[in-house]
Amino acid sequence: MPRTALRICPLCEATCGLTLTIDDGRVTGARGDRDDVFSKGFICPKGAAFGAVDGDPDRLRAPLVRVGGELREATWAEAFDAVAAGIRPLVERYGPHAVGIVLGNPNVHTVAGALYPPVLLAGLGTRSLFTASTVDQMPKHVSSGLLFGDAGAIPVPDLDRTDHLLLIGANPLESNGSLCTAPDFPGRLKALRARGGTLTVVDPRRTRTARLADRHLAVPPGTDALLLAATAHTLFDEGLADLGERAPHIQGFEELRSALRDFTPEAVSEACDVDAGTIRALARELAAAPTAAVYGRIGSCTVPHGTLASWLVDVLNVLTGNLDRPGGALFPQAATDRTPRPAGPGHGFALGRWHSRVSRHPEAKGELPLSALAEEIDTATGEGEPVRALIAVAANPVLSAPDGDRLDKALNSLDFMVSVDPYLNETSRHADVVLPPPPPAQSPHHDFAFNTLAVRNQVRYTRPAVPLEPGRMAETEILARLVLAATGMHGADPAAVDAMVIDQTLGKAVREPHSPVHGRDPKDLAGLLTGVNGPERRLDMMLRLGPYGDGFGADPDGLTLDRLLAHPHGIDLGPLRPRLPQPLKTRSGKVELLPAPIAADLPRLRAALHERPAGLVLVGRRHLRSNNSWMHNVPALTGGSNRCTLQLHPEDAERLGVRDGEPVRIKGAGGEVTAPAEVTDAVRRGVVSLPHGWGHDRPGTRTRHAAADPGVNVNQLLDGSLLDPLSGNAVLNGVPVEVAPLAPAGATASGALT
């Protein structure tokens, strides 16, 4: 008989609650959980396709080990033996930095991905860390680190209470939101409009979100920072800047006024293609709104001034008195956050504590640019050893990083590679060992990362909806064994990894004066933890020590794992609340409006006042039924509008001789690709758009549906040389490209581009 089970959806950042229908151990249906305390029944096409994602027949069911140049199925014991034999000799001969670690986006969607990579990094001691953050969101982490002293302290818009929302480079009607966890983001925006609020969208494309807005400013790609700087200038110029009740916690007000003096609306108008009067009106409306919030996302991050744009988003929230204010932008408080420490000065945030070996890119948040991975492998010159071994966890950088062709060749030259991935894809096909995690229905779920970005404080946890199939290994055990194999402890009990983390965490907690367990015996505390395995015991520990926790008995009404399990639809912890100055970890203990690295980068933004693109520029786009490359192997999530086409404006198409539906050649600094043209006035003149995550045409993969309609890899148009200097984030938007009809039969390649 069919049964139902609850599961939090791991397929995007919205984290919606699902009710799964399960028949004979297989997920046969998914609907929204109406009793979920956060999502209240909302579901998108990805969540509705959970069963198809879970049951994809191309998912690997057993480890693969390379023997005689070919990947063959192996036992788990053979796979981890191979990992230990491949990694440890290289560490001992060349040092820990010769082992690179690449973490992909899906890591933040799993319990295992949150709990074990930090242990792996610490155990190896490598500085060669590359993640999806540097092709996505690192500018926001850096700007938050510089402003607030903590790269993880990201204010989110209070969507349900704001009166005016300004969205920069975000399209949540299709992405479901990012760095702002909000189930039914579209419904929340419609509710804002329905209660008389104002929605302004800044985007070079007329997206579904832009069509919903009261005002859409179709600025040229990469000019977001100029527009925001002029808006802030206007607030100063017209006496509208007001720090409100947060003034005692903010420094640098007058210095910021002086730093922005050149960015008048008139000065930026031509570059932004927005008249000065509109910019002044935008500033006045933000200042006059009872509450307002400014929110920027990937379109404002993946540009040459991504960190400055991210900084200016929060500068506007500060200058309008809306930072840390209901209806403005507030700091969420997740149940597994560390025990809140007393407010006061912290250690601050530093950039460039070390540099990449070849191009000397500064680290940011402990990471090096993913764009630099290929040269760190294939270039012998530089200080220290090249990356000789790679551990890739849920990552497909051949498609997600610039110049995949070069990286493809570099991966093939490694001495050893291990990939934790459910698919044999464009990246994992190079691995010497592939360790496949089980389908999501067979794994537990708690949103460690996304609850720190949620628009409402809540906590939810779901155990596996389906037992592990025979021959499968839990993802938590896979990563625990990987830690042991890579750090010289191969063969030890994987439970030792969790026990070690628990001992270290409790040992530190009892020494901290502000901790609820200060002075207690850590062994006694460990004996109080509940849970059926190490990961659950770690979750219980984090809940008990967290801001809502029971403090191991100090608060009988506080959170524990047992209490959470008794509420299968989650526990609502209330709306976001003002928290300043507690989240601040700057050396001053205040919001530092004009950090030195930001001030040093402003001359580069001033130079952009006079820069104009000579031809077409490229932007990416996201589809509602897609989240990066791996969902293209699910038939239910492809087809229809989810197609790999080059969008271009009708006037540009006419000028270039391009017809709708016909193939065009797109050429950039990193190479060229061919895609069907989609002529539409949804993009502004001078801008073309190609979606990311496609390009499934390389040999040796096992993603049959994706390979049948491969599309092209937009990142192949990039050579990886364009980075935001403060964050190391790849510049993916606003890059110059050439577009021409595909050469007719008999024409030369050069003639096709003339």
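Me: Where is the place of Asn633?

Reply: Elements are read as DSSP runs, numbered from the N terminus: helices (H or I) have at least four residues and strands (E) at least two. In this structure, Asn633 is in the loop between E21 and strand E22 (646–648). This is a predicted model, in which local features need pLDDT of at least 70 and side-chain atom pairs count only at pLDDT 80 or more, while totals for chains, interfaces and linings use all residues. Residues are numbered from 1 along each chain as its sequence is written, and side-chain values use heavy atoms, with hydrogens and water left out.

Me: Does Asn633 count as buried or exposed?

Reply: The classes rest on relative accessible area: buried is under 20%, exposed is over 50% and partly exposed is in between (1.4 Å probe, protein chains only). Asn633 counts as buried because its relative accessibility is 3%.

Me: With which side chain does the side chain of Asn633 make a polar contact?

Reply: A polar contact is a pair of N or O atoms within 3.5 Å; within protein, one must be able to donate a hydrogen and the other to accept it, and residues adjacent in sequence count only if both atoms are side-chain atoms. The partner is the side chain of Asp56, at 2.9 Å. A polar atom of the Asn633 side chain also lies 3.1 Å from the backbone nitrogen of Ala706. Setting aside neighbours within four places in sequence, the contacts of Asn633 include Asp58, Tyr423, Thr703, Arg704 and His705.

Me: In what order do the seven strands form an open sheet?

Reply: Strands of a sheet pair through backbone hydrogen bonds, either parallel or antiparallel. Two strands count as paired if DSSP finds at least two bridges between them. The order here is E26-E21-E25-E22-E24-E23-E27, with mixed pairing. Strand E26 (735–736) and strand E27 (738–741) are at the edges with a single partner strand each, so one side of each has no neighbour in the sheet. E26 pairs with strand E21 (residues 617–619) in the antiparallel sense over two bridges, and Val617 has Pro736 as its bridge partner in E26.

Me: How many residues of helix H6 are buried?

Reply: Eleven of the eleven residues of helix H6 (residues 138–148) are buried. Among the elements that cover the buried residues are helix H14 (298–301), helix H15 (306–319), strand E20 (591–592) and helix H24 (596–607). Gly149 follows H6 and has a positive phi, near 85°.

Me: How many residues has the largest nonpolar core?

Reply: In soluble globular proteins, nonpolar side chains tend to be buried together. A nonpolar core is a set of buried Ala, Val, Leu, Ile, Met, Phe, Trp, Tyr and Cys residues joined through side-chain atoms within 4.5 Å. The largest one here has 60 residues, and those with the most contacts inside it are Leu226, Trp311, Leu319 and Val591. Among the elements that each supply at least two residues of this core are H6, strand E9 (164–168), helix H10 (224–237), H15 and H24. Beyond residues up to four places away in sequence, Trp311 touches, among others, Ser143, Leu147, Leu256 and Ile598. Another core, of 55 residues, lies apart from it and includes Trp76, Ile478, Ala480 and Leu559.

Me: How many salt bridges does a search of the whole structure find?

Reply: A salt bridge is a side-chain nitrogen of Lys or Arg within 4 Å of a carboxyl oxygen of Asp or Glu. The search finds 44 of them. In one, the closest N and O atoms of Arg280 and Asp237 are 3.6 Å apart. Arg280 belongs to helix H13 and Asp237 to helix H10, so the pair ties together parts 43 residues apart in sequence. Arg280 is buried, at 14% relative accessible area, whereas Asp237 is partly exposed, at 48%.

In another, the side chains of Arg406 and Asp378 meet at 2.9 Å, N to O. Arg406 lies in helix H18 (residues 404–412) and Asp378 in helix H16 (residues 373–378), so this pair joins parts 28 residues apart in sequence. Arg406 is partly exposed, with a relative accessible area of 33%, and Asp378 is partly exposed at 36%.

Me: Over which residues is the pLDDT below 50?

Reply: pLDDT is the predictor's confidence in each residue, from 0 to 100. The protein averages 95, and 98% of the residues score at least 70. The pLDDT is below 50 over residues 745–754, a stretch with ten contacts in the model beyond near neighbours in sequence. Where pLDDT is low, the predicted coordinates should not be read in detail.

Methods:
Contact = heavy atoms within 4.5 Å.
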